[in-house]
Structure formats: C-alpha cells, structure tokens
Amino acid sequence: MAKNKDNSKQQNNINDNSPKKPKFNPTWIYIAVLLVLAGSILFNPTGDKADGLHREASYAEFKDLVGKGSAKEVVINTNEKTLKMYVKPENFVDVFKQNAQQLGNNPYLLVEYGSTEKLEDFLEQEHSNGHFNGKFSYDNKKNGTLMNLIYSFGPIILLVLLWVLVFRNFGKGMGGGGGIFNVGKSKAKMYEKGNDIGITFKDVAGQVGAKQEVQEIVEFLKNPNRYTDLGGKIPKGALLVGPPGTGKTLLAKAVAGEAGVPFFSMSGSDFVEMFVGVGASRVRDLFRQAKEKAPCIIFIDEIDAVGRARSKNPSMGGNDERENTLNALLTEMDGFGTNSGVIILAATNRVDMLDGALLRAGRFDREIHVDLPDLNERKEIFHVHLRPVKIDSSVDVELLARQTPGFSGADIANVCNEAALIAARHGAKAVGKQDFLDAVDRIIGGLEKKTKVMTEHEKRSIALHEAGHATISWFCRYANPLIKVSIVPRGRALGAAWYLPEERQITTKEEMLDEMCSLLGGRAAEELCIGQISTGAINDLERATKSAYSMIAYAGMSDRLPNISYYNNQEYQFQRPYSDETAKIIDSEVLKMVNEQYDRAKKILTEHREGHQALAEMLIRSEVIFAEDVEKIFGKRPWISRSQEILNDEQKYEQEHNAETEAQDSTTTTGNDIIEE
C-alpha cells in the first residue's frame, strides 16, 4: 500500500511538472487587431507592397519630366482619373531629392489628370519624339478601397478597442471582476455560514463585558421568537468602539462563528470611489444581498471612513460623494423599507468623528466598548497566544501580564512572536523567561544599540540621570515600583528605567505628584552631581508638563483654580473656553507645580547622595541593574505598592472570615451536643 501511495505521489508530481497550456485570454485578440491596424497604417500606407515611396505631383510637372526622359513607366487608372509615373533609377535624385536606398523599389509620382484622350495623345507624341520609351498600361482596379476604409474608420476603431481594453481591466479593479459596468456592485466578502470563518468566543480572550453584549445578538439570531413573543425587537446594529488592536474585528468574526448565519464583511473604504454615485450604489447592493440572505450579519470595519460627520457648511469643501454614500447608508439602515433579520456590526477607534445621525438608536442601538485589557485579561490573552509557542518552565505568565500594562491584544501577540524569534536567533530549543523580557524591552524601548560609541563623560551623565530616576521612585510612596535600570541605548533613548505600573481606576493628586517628582529626578541629578544640565531630560520634561497641565486645566487640582475643568469637548466653537487672564494663571500654576516637585527631587537626592552615587557607579560597571541591586544599596523600600496593600487586605479579610467561620462551626457543634444530650 505504501508503494502505491508513493507511485501516486510521483505521478502527481509528474503531472504538476508537465507544461501547462496557456489559458485563452480575449485580450490577446484586441492586441492582435491593434497591431495589424497600426502596422497597415504605418508601414504600408498605399496598400501596394511592390511599390516604393511616392509623392504627389501636378500634371504640368508630369509633362515636363516625361519630356526630359525621366519616365520609366506610366500606369493610368481611368476610374479615379489618376496615373502613376514610375521614375528611372538614374533620375531618382533629380525628381525626389533622395538616393535609391532611401526611396526603396519603384518610387513613383501620383498625378491627377483631366482627359484620358489628351493624355494618350501626349504620351504617343512623346513616344514618337523619343522622350518616352517606357511601358504604357491601364490599371482600373480600385486597390485603395480597403485602405480608404481603414483611413476613414481605422482611427475610430482603434480608439474604441483601446477604450474597451483599458476600461475593462480598470473596471475589474473597481467592480470586483465584472468590468466597468459592475463598478457599483458591492465588494463585500460573503461567508455562506459564519462557521466557515472558524472563530468562536473561545478564541477571544478577555473582554468579558463585550462578549456578554454580543452574546445576546447571537441569541437573537438563533432564537428570535424568545424575544419577539414578549414584544421585543431584534437590535438593528451594534457599534464596537475601542483603541486599535483590542480585538474588535475578531469579536465580530466570533459573533458570526457562533451564530452560524451568513456573514458579509467589508471595510468602510470599500464604499469610497472616484466615480460619482458608486458608493451609494454599493451600499444599496450590499443591503439587497443581505435581505436575500436574512437572517445575516453585515460587518463594516473602520466605518469612520464613510460615516464621518457631514459638513455643516457645504461651501467649506465637503466631500459630496462621501456624504451621498453616508446618506445612502443611513437610509438603508433605517428607511421606509424593512431590514428584518439583518444585523449590522461596525467597528471604529474614532467614534468622536462619526455623524450623530449614524449613532442614534434605531441604527446602532448598542455601543459596545472594547477597552484595553486589564491584568487578568492580559493573562488570558497570553495563554491564547502561547499555545503554539514552545516555552520552558521559567516563563511566568503573571509577571509578563504585569510588565505589559497598556498593551492591547495585538501588542501581546507581537510580544510572543518577538520572544520566539529571539529564542530562535540564539539557537534555543524553547522560549524562556529572558526571551520574553527582551521582547518586551524591544517593543517598548526599541532595538539595543550596543555599538553606539559614547564618551566616558556621556556615559557617566546618563548613569547619574537614570540613577536619579531610580532613587526618587524608590523613596516616593506612590511612584511605580522599579524593575530595572539600563544605560544601554535603545531606539532614540540613551538610557531607560523600567517600572511596574499600578493599574488604577482613579488617580489621586498625591500619586500624580509623586510620578512627576520621579520624572524630574534625572534632570535634578544632573544639576546636583555634574553642575550642568543636558538635553537628555526632554522627554521627562514633556511628560511632566503635560501631567501638570492636565491636573490644573482639566482635573481642577490647582490652589488658585480649584474644582474647575476647562476641557474642550468640541461643543465650543472657539479654541479655548477661558480668557487670557485665566491662561496666565494656568501657566503660573503649572510652573509653580513643576518647580516644587523639582526642588523636592533635589532634596531627596541630597538626603541620599551616597546611595545615588553608588547606584550610578554600579550602572557604569554593569550597564543594567535590577530592583534587587537597588535594595542592596538603599535597603527595603519604605512604601509597599498598592497591589501589595490590596493583597494584604484580602489576606487579612480572608483570615478574619475563616476565624469567624470556625467560631460559628464550634458554636453549632456545642449546641448540637447539648441537644443530643
């Protein structure tokens, strides 16, 4: 049996390697016709292959040349009243001003005459005088009829064929293969059954709230009578909103996979086209197909490409074609016609730019927020993406989830892939913990540049700067816990400090001030230890300034402007909702807040000068230090993190709860013993 299988494989390989016949393509017919027409017009203008070049001449010139003995042969066409006078080779230069090589074979003069009898008398007289000794014949065939037709209609035929050829291929690119006449057809990709996609809710890690919302849509499609019997209506649409990479498209595919109904998928940009009316036509065609397949799901990804808010002033250059497409979409979603059984899912990360008419109830009844994953959700996402990766026992998913705050699902997938690539580059048989840590550093900070040349002064300045960050964060209560500090250049940064941020639902003023103080620790260390400041703190200053402005102008955390928020939410028709005097107060309060935290950072560094210097020297020697090394210099951190506080509170509550339970159990046992007695 194995031999038969091998033989069949060999036969299949032989068949695969055999030369394949070219497929028939009607385009080659068009090209061939174009080449024939062009060749006949350009290379054979007279239609007579035996004749050479010619030029037109007057009857008087013809008589003069015949009298001089230059005529070799005269051919008369009585139907067209023309004659051809073939010239002797020795007279080519005198008649045509060109040599024989340029003229080719049998050049002649084309002459129109009036009377055939007078022409014959003239030739007989010249023959008798000895001036014309050549042949004299008649040729009454209409050889130029075909060429006359080609001359008359050839350019028109050429343009028509060229137009058909160009627009046929151009239409394929826009109309999905049906040519220019199908340009208005929908370009949506249809899955007859959502199960064909092969994605279910099991493939979507985290997003419990979003999955619960869309799960009801699946139930609507599977069992609509359960809701309609009570008078409820199936929701017409749901809008998935969230940052890029959070899994909005994946969630929509999972809905189709769970429901098992036809699924139409397309992007918002597929509606937009250069031709007027094409976008609206595609919208109508999409909903026509969906109604035929109902119940079904229409998924429009990146709907902001077509659903952007319409211009209130048409004279300001609004895109009329895009607005017409949006109007068609609004009409189809909630017009006079019924769309029973058609549910529309859409995804966008720019919901603030969508038109208000598109977001109202009746079109998109639900707005489902797909946010960045929290700690537990990141753990689940890591478990999903680690399935195909060979990992060893050193990998701690809990640590990886904690070290990737603010990462989306796409970012976590990238981390797993980068870790596998790093392990393969080192020749490892499995992906280890260090590979994942290097992958996180690679994505956050960029590629290591160990070959970057730095002077000793620059290296010491960077070490003092990063040691300043580490020292301030170690002694500020609400600053993020330190993980490691590095002075190895990465990307555009010459050094970096890695922290383990706390995931806070709300942030207090004290926490923001501690973070600002730790940001300014690098600049403060440069001024105290070197006596000079450098451009290495630009990013730190930018972040600190933005944080201060947000605290004062948005969060109302200022002493002079308490409880006031000047957040511009696009309802105002001017740039800022406060006066110039208030702007001066905001600027002065920001300057005051930043300088206070800068002085505080210098004070902390002065109190721990020796430890800061030791930390910088350790950085210069090893280039990378960890939290354990900082703990050896400064001792244990005087403040525990919020997560540790929560954990301690949970453990304390659990111990108290267990003690109460044991006390109740003992009391119950004693009571039962008394009853039994």
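## Strands β2 and β5

Strand β2 (residues 71-77) pairs with β5 in the parallel sense over 4 bridges. Strands, E runs of at least two residues, and helices, H or I runs of at least four, come from DSSP and are numbered from the N terminus. Two strands pair if DSSP finds at least two bridges between them. Val74 stands opposite Phe136 in β5.

This is a predicted model: local features need pLDDT of at least 70, side-chain atom pairs count only at pLDDT 80 or more, and totals for chains, interfaces and linings use all residues. Residues are numbered from 1 along each chain as its sequence is written, and side-chain values use heavy atoms, without hydrogens and water.

## The sheet of 5 strands

β2 and β5 belong to an open sheet with the order β1-β4-β3-β2-β5 and mixed pairing. β1 (54-57) and β5 (135-138) are at the edges with a single partner strand each, so one side of each has no neighbour in the sheet. From one strand to the next, the twist averages 20°.

Helix α6 (residues 116-128) packs on this sheet. Helix α6 touches β2, β3 (82-87) and β5; contact means heavy atoms within 4.5 Å. The direction of α6 makes about 165° with that of β5. Axes are lines fitted to C-alpha atoms, for helices over the stretch in contact, and angles run from 0 to 180 degrees between N-to-C directions.

## The sheet of 3 strands

Another open sheet has the order β13-β12-β14, with antiparallel pairing. Its edge strands, β13 (496-499) and β14 (624-626), each pair on one side only. The twist averages 15° from one strand to the next.

β12 (residues 482-486) and β13 share 4 antiparallel bridges. Lys484 stands opposite Trp498 in β13. Helix α23 (residues 609-622) lies across β12 and β14, at about 130° to β14.
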